[in-house]
Amino acid sequence: EAWSAIHLEDTLGAGAAVGGLGPGLFAAAMVTGRLLAQVGGGRFGDGRLLTAAGLVACAGMVTAAAAPGAAVALAGFALAGLGVSVAAPTLLGLAGRTAGPAERASAIASVTTLGYLGFLVSPPLVGLGSDLVGLRAALLLLAACGLLLAAGAARTVGRLDDGSEG
């Protein structure tokens, strides 16, 4: 989200008004994704939901990074927001459900800490990547994070979906 406006304006030559749509569409897609997951996410199970979320987020970031113009990039950022929207609530829920009563608070705190760490560290890392290899390539690193989420969830989908292990 933090780099979407810069990508739209600097890489794709969009104006400030269009650049401002990047973070806005990303946030709107996150709200939409969380509402949809709240209504229907239970049908799929946490593992399948996280696998799909990672793949959708990856597809969105690849689309945004490779976009030939602002409209395609905006669609990519919206898709990425839709995908990433369910990760934090689902992982927090898993932490609470799969940890024992004595470890529950610690498990939730660990997931929260990792989430905030990613929130704080990812923008400077994308900036560093942008300096080294360009913004398009740096955005692809975020796509790789979506793939890692999908791969990790897919690897444990049965255990996540039956609630036996996290």
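Residues are numbered from 1 along each chain as its sequence is written, and side-chain values use heavy atoms, with hydrogens and water left out. Because the model is predicted, local features need pLDDT of at least 70 and side-chain atom pairs count only at pLDDT 80 or more, while totals for chains, interfaces and linings use all residues.

Colleague: How many helices and strands does the chain have?

Modeller: Helices (H or I, at least four residues) and strands (E, at least two) are DSSP runs, numbered from the N terminus. The elements run α-α-α-α-α-α-α-α from that end. The count is eight helices and zero strands.

Colleague: What is the radius of gyration of the chain, against that of a compact globule?

Modeller: The C-alpha atoms fill a box of roughly 50 × 30 × 25 Å along the principal axes. The radius is taken over C-alpha atoms, and the globule rule is 2.2 Å times the number of residues to the power 0.38. For 166 residues the rule gives a value near 15 Å, and the chain agrees with it at 17 Å.

Colleague: Among contacts between residues at least 6 apart in sequence, what share joins residues at least 24 apart?

Modeller: Contact means heavy atoms within 4.5 Å. Among the contacts between residues at least 6 apart, the share that joins residues at least 24 apart is 70%.

Colleague: Is His7 buried or exposed?

Modeller: His7 lies in helix 1 (residues 4-11). Leaving aside neighbours within four places in sequence, His7 is in contact with residues including Ala64, Phe77 and Leu139. Buried means under 20% relative accessible area, exposed over 50%, and partly exposed in between (1.4 Å probe, protein chains only). His7 has 0% relative accessibility, so His7 counts as buried.

Colleague: Which residues of the largest nonpolar core touch the most other members?

Modeller: A nonpolar core is a set of buried Ala, Val, Leu, Ile, Met, Phe, Trp, Tyr and Cys residues joined through side-chain atoms within 4.5 Å. Phe77 touches Leu8, Met61 and Leu139, among others. Of the 18 core residues, those that touch the most other members are Leu8, Leu12, Met61, Ala73, Phe77, Val126 and Leu139.

Colleague: Which helices each supply at least two residues of this core?

Modeller: In soluble globular proteins, nonpolar side chains tend to be buried together. Here the helices that each supply at least two core residues are helix 3, helix 4 (70-84) and helix 7 (135-155).

Colleague: Which residue forms a salt bridge with Asp46?

Modeller: A salt bridge is a side-chain nitrogen of Lys or Arg within 4 Å of a carboxyl oxygen of Asp or Glu. A search of the whole structure finds one. With the closest N and O atoms 2.0 Å apart, the partner of Asp46 is Arg97.

Colleague: How far apart in sequence are the parts that this pair ties together?

Modeller: Asp46 is buried at 18% relative accessibility, whereas Arg97 is exposed at 51%. Asp46 lies in helix 3 (residues 46-66) and Arg97 in helix 5 (residues 87-98), so the parts are 51 residues apart.

Colleague: How much accessible area does the nonpolar surface patch with Leu120 have?

Modeller: Patches are made of residues with over 30% relative accessible area and no salt bridge, like charges being joined within 9 Å and nonpolar side chains (Val, Leu, Ile, Met, Phe, Trp, Tyr) within 5 Å. Accessible areas come from the Shrake-Rupley method with a 1.4 Å probe; for residues, only the protein chains shown count as cover. Leu120 is in helix 6 (residues 104-133) and is exposed at 60%. Together with patch members including Phe119 and Leu132, the area is about 1,100 Å².
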